[in-house]
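Thanks for coming, everyone. Please bring the sequence and the structure up on your screens, and we will walk through them together.

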Amino acid sequence: MSVSLPSLQRRRNFLQKIVFNVFRLAALINGLALFIIVYFMVANGWRAINWTFLTQPPMDSMTKGGILPCIVGTLCLSIGAILIAMPIGVASAIYLNEYARPGPLIRVIRIGINNLAGIPSIVFGLFGLAFFVVWLKMGVSIIAGALTLGAMSLPVIIGSTEEALRAVPDTYREASLGLGATKWQTIYRVVLPAALPGILTGTILGISRAAGETAPIMFTAAVFFTPSLPVSIFDEVMALPYHIYVLATAGTEIEATRHLQYGTALVLIFLVLGMNLIAIIYRFRLRKRMQ
Amino acid sequence: MANKRQITERTMRILFFVVASASIVMLFMIMIFLFMEGIPIFDEVSVKNFIFGKYWYPTSEPPDFGILSLIVASLAVTLLSALISIPLGILTAIYIAEIASKKVSEIIKPMVELLAALPSVVIGFFGMVLVAPFLQNVFGIPTGLNLFNASLMLAFMSIPTICSLSEDAIHSVPNSLREASLALGATHLETILKVVLPASLSGISTAVILGMSRAIGETMVVLMVAGGAALIPISIFDPVRPMPASIASEMAEAPFRSAHYHALFATGIVLFIFTFLFNIVADHIAYKYKQVGEATL
């Protein structure tokens, strides 16, 4: 052997040190990317945000005023989407996790869910346009947008609910069945209450995902400008993400409305990241308690 | 009494099954409606000319409906973004799962999740107002809205997918394998590279494919940042027009059920087929090489 053992050992340790620092750097870059984007939006956007901005509709052909209709529209769309997706998603997850036995049927359903999760958001938009807006004659409306977003959130809700159901120990189910309860009674009285916090976390994440989406609502719900707030689910609405897109690309005075664009982006980030942060912290405490 | 319970029981079971099929039904409806609105374009152009036609001038007279440049653009942004997102995503996953202390990983993991939660329109906006002028100045190019910028933004959208799925895969490698390797005198690094990574390869491949699938279907970023020129790119600083961008920007102007409208739906079909294939492959790998205990390694 030409190299003595200790020096070989040193080389291996040295190499390990270098490579581990490369790994660390990669993780750092991700954190940095998040930080830079958020910092940049806050630094440029905070001055635009004041009471008028949050409580007034746009004025002077969108160059002044606020974004109240966008906030209201985004809340309507995302909450509507979850009201549609949650019952279906939770029930699907219950079937997959509690009732179904392994087999080709379950495999087909899982492939379906995975593929639904992988469909591009713009394809959901096309589907929403062809099916809800045109075929079901809903027109460009809150209900059409919420249904499109709901279809898109379905896999997210199913995934997080399944995770919550899996976290319920089997001993709970066995104890309930052992006392003579039926399967449905066990699910309804024992499993679901135990899984509820996890399901709610998933729901919050679902709402935040729906709130930030633009492509699915472009053809189904969102419009450039409406003078009034929506009064029915068949009204068209303004929405925060679409408002950013329109002001940043299609407005006649892109530079003049820059501060409004930053402000709108900041409100959207605040809304979405805020909900995510709540869900993450909540889940973190939940997992601690489980252990 | 018992009878009534049995009836409830059976009813609930069937009810849940019906609801669980909703995802499949939805998937089929999406396919049906895409095809219903997209197929009519093939009365005007052949499938071959649609897919391999180099010219996309949907509004000129007579119009040209060839989406080759859009397909090439989509593939180009996806591959270029994968060059950035795959190493960054996998390295971060290894760092979180194998190297970082519990405290550090509990900080980094939520950060990656928050990165995933950033709305795509915000990332697109960021690419437009900050990254584009920066690239323009640094590289002295005519426009910062180009293939490279879009790929960079897309990379940070697919990193969270690649990272968290890879991390799951690395986590599922049994500890006894690591212990065996360390006991034989391998360093921590050698254990990671020669034992842990090979053992989690199928999971990591699935993660990479799903990450790329996310990149090819992402709309707002390519709509705002890619530049929008329907040309086959020669350099990475050329502006491009990937398929989702074309659909999103033109649908509002396309007259209802015109040839243009049908052509955009047909573009949607092509996009759908791409992501569908990505997902089927990912699913196949995940299922075939599913880890069942240590015996399968």
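First, the ground rules. This is a predicted model: local features need pLDDT of at least 70, side-chain atom pairs count only at pLDDT 80 or more, and totals for chains, interfaces and linings use all residues. Residues are numbered from 1 along each chain as its sequence is written, while chains are lettered from A and ligands numbered from 1 in the order in which they are written.

Now chain B. What does chain B hold in helices and strands? There are 13 helices and two strands. Those are DSSP runs, numbered from the N terminus: helices are H or I with at least four residues, strands are E with at least two. Along the principal axes, the C-alpha atoms of chain B fill a box of roughly 70 × 70 × 30 Å.

How much of chain B is buried? Of its 297 residues, 49%. Buried means 20 or more other C-beta atoms within 10 Å of a residue's own; exposed means 12 or fewer; partly exposed is in between, with C-beta atoms placed from the backbone.

Take two examples. Lys288(B) sits in helix α13 (residues 259-288) of chain B. Lys288(B) is exposed because it has 8 other C-beta atoms within 10 Å. Leu15(B) sits in helix α1 (residues 2-20) of chain B. Leu15(B) counts as partly exposed because it has 13 C-beta neighbours inside 10 Å. From Leu15(B) to Leu184(B), 169 residues apart along the chain, the C-alpha separation is 55 Å.

Next, domains; the bounds come from an automatic or database domain assignment. Chain B divides into domain 1 (2-42) and domain 2 (44-288). Their C-alpha centres lie 30 Å apart. Seven residues of domain 1 of chain B are in contact with 14 residues of domain 2 of chain B. Contact means C-beta atoms, placed from the backbone, within 7 Å. On the domain 1 side of chain B, five of these residues are nonpolar, one is polar and one is charged. For the classes, Ala, Val, Leu, Ile, Met, Phe, Trp, Tyr, Cys and Pro are nonpolar; Asp, Glu, Lys and Arg are charged; the others, Gly among them, are polar.

Chain A has domain 1 (5-48) and domain 2 (51-290). Here the C-alpha centres of the two domains lie 32 Å apart. Eight residues of domain 1 of chain A are in contact with eight of domain 2 of chain A.

So where do the chains meet? 70 residues of chain B are in contact with 68 residues of chain A. Helix α2 (residues 22-38) of chain B gives the largest share of the chain B side, eleven residues. By class, that side has 51 nonpolar, 13 polar and six charged residues.

Last, the core. The largest nonpolar core has 190 residues. Such a core is a set of buried Ala, Val, Leu, Ile, Met, Phe, Trp, Tyr and Cys residues joined through C-beta atoms within 7 Å. Those with the most contacts inside it include Leu77(A), Val123(A), Val77(B) and Phe125(B). Leaving aside neighbours within four places in sequence, Leu77(A) is in contact with residues including Ile142(A), Leu149(A), Ile217(A) and Val237(A).

Methods. Two residues are in contact if their C-beta atoms, placed from the backbone, lie within 7 Å.
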